[in-house]
Amino acid sequence: MANTLDDLVGAAVRTWATMARTWIEAANAVLVGWLDVADAESVLTGFNEEVVLLPRQQAATALHPGPFTDWDQNQLPLAALTVEPAQVNAGEATEVHVVVQPPDGTASGTYTGSVYDPTGACLLKGVGVYVVGDKPPP
Amino acid sequence: MEAGDETTREFDEEAAEERRAQGSTVAALNAFSAGIASEVRADLGFVDPDEAIKTLAAAVDQDTLRVPRLLVLDSLVRFASRRGDEFRAREAEIDPLLEALVRKSRVPETDVGDAVDTVHRALESVAGLSGEEAPASVEEAPAAHPWQVFVQQAAGPLQLTQAEIEKPLCNDREVVDKGPYKAIGVTVEFHTDASPGELRGFCDPRRWHECSAYQKEMTPWTGAGAMPDEDRPPDGWRRDLLEKVQLAGKDLETPLRFTYSIQDQNDPSWVHLDYVMIRRTGEIKVDEGALDVRRVTSGKHSGRTRVIAKKAILFADPLLAKWPTVACDTFWMDLVIDAAVGCLGRRATIDSTRGIATMAESKEARLDKAIDEAAAATQKSIDAYRQLAKRGAAQLAGDSPGDTDTWVELTAKTWAQAARDGAQAWTSYNALLQAFAESAESKTEQPEPGKTDNDA
């Protein structure tokens with residue numbers, strides 16, 4: 001009987017200890033997050049990505065990036081471009097992210113292009129993405 | 001005045017020197033609030049924070065402030081939000097600065113004391129909210145930013161303009177890969193009612209020194225890697241220029257390639273500038289980015305102008321490398337603030353007939369707005385609790401109602417939300433009191449017949 005009770009108490013204490021530790025860790029996580037204040041004033045980011053608002057579409061529409069070029073007519077390979085989401089729902093304006101993963105040898109600068117639907121109709125014109133490339137200036 | 005029109009532009013180098021000295025004073029305070037070690041600050045040639053505050057107070061008081069007051073206010077809010085205890089310990093130094101700022105805001109003499117108290121309380125609120133962003137895990141309940149908290153209470157006593165209320169916001173927490181380097185990505189943004197054409201000077205680096213608290217006039221770069229000037233008719237050009245930034249005792253000289261383009265010289269819908277470092281210097285490994293001024297065609301800012309400034313920066317200089325927020329704290333933010341308050345373009349909210357800053361809204365409108373904002377904050381809070389309650393109910397009804405991790409997470413979020421609510425309630429309460437007091441005051445203190453604001 002004593003053994004059973006000891007086991008029960010032991011299990012209860014272990015459960016409580018586990019709970020308490022988890023609580024303390026969670027509280028610490030909150031507190032540490034609280035103290036480690038990011039004094040950045042905004043969350044806006046600006047490199048290799050641009051966020052644009054796509055007006056509502058009448059039907060669900062897949063999005064495709066077109067050619068993006070810089071001032072010197074350097075063109076990003078289409079494989080380096082991603083549009084997120086890849087498809088928008090009907091009837092709602094959507095924030096669209098145009099993301100660039102610059103391949104080696106890309107020159108830094110703003111690359112401008114458009115986003116199209118599958119029929120080739122232009123949905124977003126003149127989207128500019130600042131791309132940080134590794135190619136030194138000529 | 002068009003960019004490059006040197007004949008109609010007057011430039012006072014003596015005033016520019018004073019402006020840069022004051023820029024370094026602001027930088028000294030920001031370096032302290034950013035927690036930069038005293039030895040590093042001393043090596044950079046910065047004065048201690050007490051002296052910086054006194055110097056700025058004297059400049060405001062004596063009408064010799066050469067930098068926008070927004071730069072000073074921004075610095076105070078950074079100080080309060082980053083190091084609340086240090087801020088509170090300097091009441092004796094800070095209050096004279098606040099009093100000078102309030103007096104220059106044309107507050108009636110009898111109201112100066114109360115106005116200083118209000119601005120001080122606004123900064124205290126900011127200090128008390130340190131770290132409010134932290135519980136970001138509670139979805140859809142973003143914390144009020146310190147600047148927003150400050151302006152809710154201090155806009156009236158300081159007669160803040162709309163451009164000041166909508167201060168540019170800076171993010172320097174992005175990490176940008178540049179070849180073998182991890183640079184700091186800095187992005188600053190604001191919206192304005194000025195048109196892109198009116199802000200074209202902001203995108204012309206040959207004009208930055210006219211207003212800057214850090215920049216000296218650029219000169220053509222003819223050293224290694226230089227390319228001939230290129231003009232691309234009708235309105236684009238490329239120039240290699242040597243940028244000269246002065247930060248207290250440190251001069252940074254960087255060869256940069258600037259590429260300027262404008263959609264239409266007469267009424268552009270956008271103006272744009274790219275820049276990239278031509279070659280590394282002893283102080284800087286990475287320095288490149290873009291400025292973009294663009295008319296917004298959709299969303300809540302439709303019809304206004306969005307201004308954005310991007311900089312990827314990595315210092316080789318051992319002192320500046322220890323100050324990761326230096327761009328937001330000094331030259332980069334200063335450049336954008338200059339554009340926002342009108343030095344590099346039209347001043348968006350200045351009453352040109354009287355030449356004074358106009359109030360963004362009437363006192364009645366501010367009371368209405370404060371009530372609306374308090375109601376919105378409450379609704380946001382209710383929504384956050386509703387989300388938490390829904391998740392709790394789903395957890396109870398789910399397959400593993402005893403899942404400790406989930407309960408701990410939900411409880412922590414609830415605590416965080418409760419703490420946020422306390423802070424928000426205090427802010428809203430203060431804003432409401434302030435707005436209500438001003439509203440009541442405006443009803444009881446009618447101007448004498450025939451007397452205008454100019455007579456005050």
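Biologist: How do helix 7 and helix 8 of chain B lie to each other, roughly parallel or roughly antiparallel?
Modeller: Helix 7 of chain B and helix 8 of chain B are roughly antiparallel to each other. Angles over 145 degrees count as roughly antiparallel, under 35 as roughly parallel, 65 to 115 as roughly perpendicular, and the rest as oblique. Bear in mind that this is a predicted model, where local features need pLDDT of at least 70 and side-chain atom pairs count only at pLDDT 80 or more, while totals for chains, interfaces and linings use all residues. Residues are numbered from 1 along each chain as its sequence is written, and chains are lettered from A and ligands numbered from 1 in the order in which they are written.

Biologist: OK, what's the angle between those two, and how far apart are their axes?
Modeller: Helix 7 (residues 112–128) and helix 8 (residues 146–154) of chain B pack at about 155°, with their axes 8 Å apart. Axes are lines fitted to C-alpha atoms, for helices over the stretch in contact, and angles run from 0 to 180 degrees between N-to-C directions. Helices are DSSP runs of H or I with at least four residues, strands are runs of E with at least two, and both are numbered from the N terminus.

Biologist: Is that crossing left-handed or right-handed?
Modeller: Right-handed, for helix 7 with helix 8 of chain B. That's when the near helix is turned clockwise from the far one by less than a right angle; anticlockwise is left-handed.

Biologist: Which residues make the contact?
Modeller: On helix 7 of chain B they include R121(B), A122(B) and V126(B), and on helix 8 of chain B they include V149(B) and F150(B). Contact needs C-beta atoms, placed from the backbone, within 7 Å. By class, this helix 7–helix 8 contact in chain B has 8 nonpolar, 3 polar and 1 charged residues. Ala, Val, Leu, Ile, Met, Phe, Trp, Tyr, Cys and Pro count as nonpolar, Asp, Glu, Lys and Arg as charged, and the others, Gly among them, as polar.

Biologist: Now helix 1 and helix 3 of chain B. What's their angle?
Modeller: Helix 1 (residues 13–33) and helix 3 (residues 49–61) of chain B pack at about 140°, axes 9 Å apart. That makes helix 1 of chain B oblique to helix 3 of chain B. Their crossing is left-handed. Among the residues in contact are L29(B) and F32(B) of helix 1 and I53(B) and L56(B) of helix 3.

Biologist: Switching to strands: how much of strand 7 in chain B is buried?
Modeller: Mostly covered: 7 of the 8 residues in strand 7 (residues 270–277) of chain B are buried. Buried takes 20 or more other C-beta atoms within 10 Å of the residue's own, exposed is 12 or fewer, and partly exposed is in between, with C-beta atoms placed from the backbone.

Biologist: Which strands does strand 7 of chain B pair with?
Modeller: Strand 6 (residues 250–262) of chain B, antiparallel over 7 bridges, and strand 8 (residues 284–295) of chain B, also antiparallel over 7 bridges. Pairing takes at least two DSSP bridges between the strands. T259(B) stands opposite D274(B), and L273(B) faces L291(B). Strands 7 and 8 of chain B form a hairpin with 6 residues between them.

Biologist: And G236(B), where is that found?
Modeller: In strand 5 (residues 236–247) of chain B. G236(B) counts as partly exposed because 14 C-beta neighbours lie inside 10 Å. Leaving out residues up to four places away in sequence, G236(B) touches Y260(B) and S261(B).

Notes
Two residues are in contact if their C-beta atoms, placed from the backbone, lie within 7 Å.
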